[in-house]
Amino acid sequence: MAVDAPLGWHPGLRESATFDRNAIAEIQRAAREGMYDIRGFGAKRRVPHFDDLLFLGASVSRYPLEGYRERCATDVTIGTRFASEPIHLDIPITIAGMSFGALSGPAKEALGRGASEVGTSTTTGDGGMTPEEREHSTKLVYQLLPSRYGMNPDDLRRADAIEVVVGQGAKPGGGGMLLGHKISERVAEMRDLPPGIDQRSACRHPDWTGPDDLEIKIEELREITDWRIPIYVKVGASRTYYDVALAVKAGADAIVLDGMQGGTAATQEVFIEHVGIPILAAIPQAVESLVELDMHRKVQLIVSGGIRTGADVAKALALGADAVSIGVAALIALGDNAPEHAGGYAEIGSAAGFYDDWQAGRDPAGISTQEPELAARLDPVLGGRRLANYLRTLTLEAQTLARACGKSHVHNLEPEDLVALTIEAAAMARVPLAGTSWIPGVTAIS
Amino acid sequence: MTASETTARTALSFDLRVESVRELNRRLHEEAAAASGAGPVPVQVLHPDGRHSIAVGLTADYDVTIEGHVGYYCAGMNQLATVRVRGNCGVGVAENMMSGSVIVQGSASQAAGATARGGLLVIHGDASARCGISLKGADVVVRGSVGHMSGFMAQKGALVVCGDAGEALGDSLYEARVYVRGSVAGLGADCVEKEMRDEHRDQLAALLARAEVDADPDEFRRYGSARRLYNFHIDNVGVY
């Protein structure tokens, strides 16, 4: 076997655990290009996650609900604190903010169609609200971001909620960059910049700094919208306990908490993999903060970052979240990384299941692109249908697990229903290590 | 609601020691449709006492006069209305203004006119740091001086400074134009002085006339983007 053959191991060849093939390839790439790697997707490293938790199904000490007969509700109302028109969602799974610009028009339309079909919300992103997105989204959350690209008070009033974005899980403390080759005429016009130039998204808002200012900013947004629609505050998971407390103090109706596994359209690899904390560790901090303020279930907690299955949804809710939000998974449901595009991925040096160059604008699936011929590959009706199917599956899975724990509403899931497979997960999630009553950092080993 | 009608049919007066900012904004939002098309509707706001979010989100041809100092975000996201402040302003006056005009008789705090997309902001005193930050098409005229990082990441529109400018003027500027009559403490990344051609003198003269500021366009210098940082290149990393 040749040494340089793909995966060409033979006896005597020992790969370094420190300088593994990915590390070597990155050093070589950096030396060749002189620039850090920018990519999309989310963190790829293994971190403690919902996979490290298990549900304790009902038995003698608890009784379950019949899976196909007894009701297990899934609805959630967000924005009950101050908004006169809170959002009522049929399922506790929302679509995260993703920009037109990062995503194609058909992709944004498909997200709206899919979310609307199952009675949940979708969210705009950097670059503002497109008419297609508003038309196809029965419940649309409008993001107020530091760049304020496309920010328009008419759209603000057309929205069903506002999300003040302080940070996101893929890059807490960082701004963004939509690279010039994705800046079409339409994207450029929406963002008030010439086509073809890199569009930086600032890391801080231009007109407020710190929690005291944020409180005044939220008040302004409420005044402009006549206290009608909910205002969320989105933070990347880092100093979560304090960030949540300060967002509540600033007047948020809901907190959107994005763990480090959360996706991005274009961020430095070093940022994606090395900043922020896993969502598993962040949720208990957020809940602790809300409980201490007597705001748990009054200020709704929406969590995101690595939600893939109904089990992830159920576990997030059991830890105290009111809803979850999905981004990467929603794009995969639309067709991202699908085997049917294998040829297209191969042409650009990637492969189905690995593609993360969402910043490059050459997406064979027509999702993370502004090239008309590529974008046309995504049928927004079919994409919307696929997303709706996926959302229904997640909901059914979460209901299945909730019924098995004897819960008539997915919100009745609780930490007591969970155990952890690892000490790390037990410490982060603050649930016992399976088979013990030990919660590291909370209880003594008995 | 205790807002009282004054002299004209549609004239409104609010005393913010009696009524809340919420009452003021709600009334101006509710009556926007009725206020449109019949000429400016005069609105007087008394005793603002530094309150925040006064006259925000207006969408009609109001002519609002605020008799005193205001807090944050006065006239935020303004559309069509003229808002006059007979005092000083807190942070973010006329932020994200779409159209209309905002005239400040005194000075303004940080981020005046932040991200404003249209209309005219006139500050007769000084403006603090980051005046015109992320400007997206509006015009800002400051009769006095501006603080550091003014025009930061400004995309479109114009910032006119009749006095002096602080450090890092126009840092990471895009296509906005900056005119300064006095001294400039320093230019930010990718901001350079540019030739003042007739088209710029004409634009500046028109802006000064709209702002009712008596100044000679020939006394100003123009600054703009060198456009070296429009697309990231590793060789430029030292200037960030």
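Helix 2 of chain A meets helix 14 of chain A through Pro106(A), Glu109(A), Ala110(A), Leu111(A), Arg113(A), Gly114(A) and Glu117(A). Their partners in helix 14 of chain A are Pro380(A), Val381(A), Gly383(A), Gly384(A), Leu387(A), Ala388(A) and Leu391(A). Contact requires C-beta atoms, placed from the backbone, within 7 Å. Helices are DSSP runs (H or I, at least four residues), numbered from the N terminus. By class, this contact has 8 nonpolar, 3 polar and 3 charged residues. Ala, Val, Leu, Ile, Met, Phe, Trp, Tyr, Cys and Pro count as nonpolar, Asp, Glu, Lys and Arg as charged, and the others, Gly among them, as polar.

This is a predicted model: local features need pLDDT of at least 70, side-chain atom pairs count only at pLDDT 80 or more, and totals for chains, interfaces and linings use all residues. Residues are numbered from 1 along each chain as its sequence is written, while chains are lettered from A and ligands numbered from 1 in the order in which they are written.

Now the geometry. Helix 2 (residues 105-117) and helix 14 (residues 380-404) of chain A pack at about 40°, with axes 7 Å apart. Axes are lines fitted to C-alpha atoms over the stretch in contact, and angles run from 0 to 180 degrees between N-to-C directions. The crossing of helix 2 with helix 14 of chain A is right-handed (near helix turned clockwise from the far one by less than a right angle).

A second pair follows. Helix 7 (residues 240-249) and helix 9 (residues 279-292) of chain A cross at roughly 40°, their axes coming within 8 Å. Helix 7 of chain A also passes helix 9 of chain A in a right-handed crossing.

Definitions and conventions
Helices (H or I, at least four residues) and strands (E, at least two) are DSSP runs, numbered from the N terminus. Two residues are in contact if their C-beta atoms, placed from the backbone, lie within 7 Å.
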